[in-house]
Amino acid sequence: MPAHHTGTEHDLTTHLLTVWNPTYEADALQLHLEVLLTTMREARDGTREHDDVFVWWGKVRSVNRQAPLPHLTEVLAVDAQIDSEEAAEVQLYLTDYRSLYVAHVGAVKNGRDFTPEVQVPAYYAARELACDCWFQLWDIRQLVWDDTTAVATELATLRNTRYNDRPVSIYGGVVDLPLLVTCTDETRWFDDGARERYTGGRFWAEYDAEQRGVGEMQRELRLNRFGTAAWTALDPGVRRFIASAESTFRAHRDDMAFDLSPVIVSLANAMEVQVNLLLRAAMRGATPDVRFTNIDGQSVDLAYAGPISLGALARGIGETKARCDWLRAKLEKGEWFVSSLPPILTELAEHRNDAAHGAGVSRDVVTRVRETLVGVGAVGTLVQLAQVRVR
């Protein structure tokens, strides 16, 4: 799940956005993922070093464009952020307008003097495609699958630096690729701590590859359960966890021998990620006595920490009157957030701990929690959480 930068104010990291053209290769994204997943399997088998896990993605130069890429120097300069002392997480957003992925960039190379020979899909060479630049990708995450509305909403959170920092729009705003973009909340999609907590240390490409049918379920949930406003208000990673839980539940609800505990784990992850995001955003600008709390004997700044567990979130939200008052004033639906949400988080934490540690959770409990959170027969907790926003 995404995490956010820790530290003080600094210049925003520049990221990149490009579009893959299916006329060059219909399965371009999938072919890159196949190469990447192969290197990941080899690293797990011990036949490849972990530092050698990556795939190359080329920005193909159109045969109709004779002039050099007008902002190539700026694109190549992004590489310096990766090598900087602060080691910023540089991201490449990839879309065909129907789906959206984000990749962790390890290097940016000039296509004029560099062409990868290994760990690159074969179609580049087979089709003799010339590239303006090459991106070394360490990992790739799926954010949206086959849902143009959701893609447009997600891209609008990015700012186009060469277009007066306007929100990225797929309708006329995606020109001179790759775009140089920023994200004001400095989302870290590949934070090591979040990956360890939510995938067990696997790469996100590996995790996504295991989630069969989750993409289709996300669209179904937006259209037929949550509605567009609530669904798109949730973080993309949160939406994926909800869809994973719902896919598992619907596929196995009548299989009495199947353990439905993973449904609890996925829904708990969804709640935990969304509450962490809201709490961090709400704590920005608060005084130290409101921002800092004690978690497991350590002083933690709620404006930058994460991910914080469900139980610690429940305790931290209502820990002091000053913090409750701040959150009530700072958040739309703030009263619900400080009064109704903590006991829900506490109960869910208990069920998640049982599920994660092999104790198991009864089917009746899983069904009840799923109905409460997703919203079966009533407004779901996740819909209510989607309505909480920083003022």
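**Close-up views of a predicted model**

**View 1. Ala229 in helix H9.** In this predicted model, Ala229 has a relative accessible area of 57% and is therefore exposed, the threshold for that class being over 50%. The residue belongs to helix H9, which comprises residues 228-233. Between the C-alpha atoms of Ala229 and Ala386 the distance is 8.5 Å, although 157 residues separate the two in sequence.

View 2. Helix H10 covers residues 236-252, 17 residues in total. At the start of H10, the backbone nitrogen of Gly237 has a side-chain oxygen of Asp235 within 2.8 Å.

**View 3. The packing of helix H8 against helix H10.** Helix H8, residues 214-226, packs with H10 at an angle of about 95°, and the axes of the two helices are 9 Å apart. Because angles of 65 to 115 degrees count as roughly perpendicular, H8 and H10 are assigned to that class. From H8, the contact involves Val214, Gly215, Met217, Gln218, Glu220, Leu221 and Phe226. Their counterparts in H10 are Arg239, Arg240, Ile242, Ala243, Ser244, Glu246, Ser247 and Arg250. Sorted by class, the residues of this contact comprise 6 nonpolar, 4 polar and 5 charged.

**View 4. The packing of helix H11 against helix H14.** Helix H11 (residues 261-283) and helix H14 (residues 321-330) have axes 10 Å apart and pack at an angle of about 95°. H11 and H14 are therefore roughly perpendicular to each other. Leu279, Ala282 and Met283 represent H11 in the contact, where they meet Arg323, Trp326, Leu327 and Lys330 of H14. The contact of H11 with H14 contains 5 nonpolar and 2 charged residues, and no polar residues.

View 5. The side chain of His71 reaches the backbone oxygen of Pro178 at a distance of 2.7 Å. Pro178 itself is situated in the loop between strand S8 (166-167) and strand S9 (179-182). The peptide bond that joins Leu177 and Pro178 is cis, with omega about 0°. When neighbours within four places in sequence are left aside, the contacts of His71 are Arg162, Asp176, Leu177, Pro178 and Leu180.

View 6. Tyr97 is a residue other than glycine, yet its phi is positive, near 80°. The loop that holds Tyr97 runs between strand S4 (91-95) and strand S5 (100-110). Tyr97 is partly exposed, with a relative accessible area of 28%. Asn164, which is likewise not a glycine, has a positive phi of about 55°. Asn164 occupies the loop between strand S7 (159-160) and S8. The relative accessible area of Asn164 is 70%, and the residue is therefore exposed.

Key
Residues are numbered from 1 along each chain as its sequence is written. Side-chain values use heavy atoms; hydrogens and water are left out. Helices (H or I, at least four residues) and strands (E, at least two) are DSSP runs, numbered from the N terminus. The expected span of a helix is 1.5 Å times one less than its number of residues. A polar contact is a pair of N or O atoms within 3.5 Å; within protein, one must be able to donate a hydrogen and the other to accept it, and residues adjacent in sequence count only if both atoms are side-chain atoms. Axes are lines fitted to C-alpha atoms, for helices over the stretch in contact, and angles run from 0 to 180 degrees between N-to-C directions. Angles under 35 degrees count as roughly parallel, over 145 as roughly antiparallel, 65 to 115 as roughly perpendicular and the rest as oblique. Contact means heavy atoms within 4.5 Å. Ala, Val, Leu, Ile, Met, Phe, Trp, Tyr, Cys and Pro count as nonpolar, Asp, Glu, Lys and Arg as charged, and the others, Gly among them, as polar. Buried means under 20% relative accessible area, exposed over 50%, partly exposed in between (1.4 Å probe, protein chains only).
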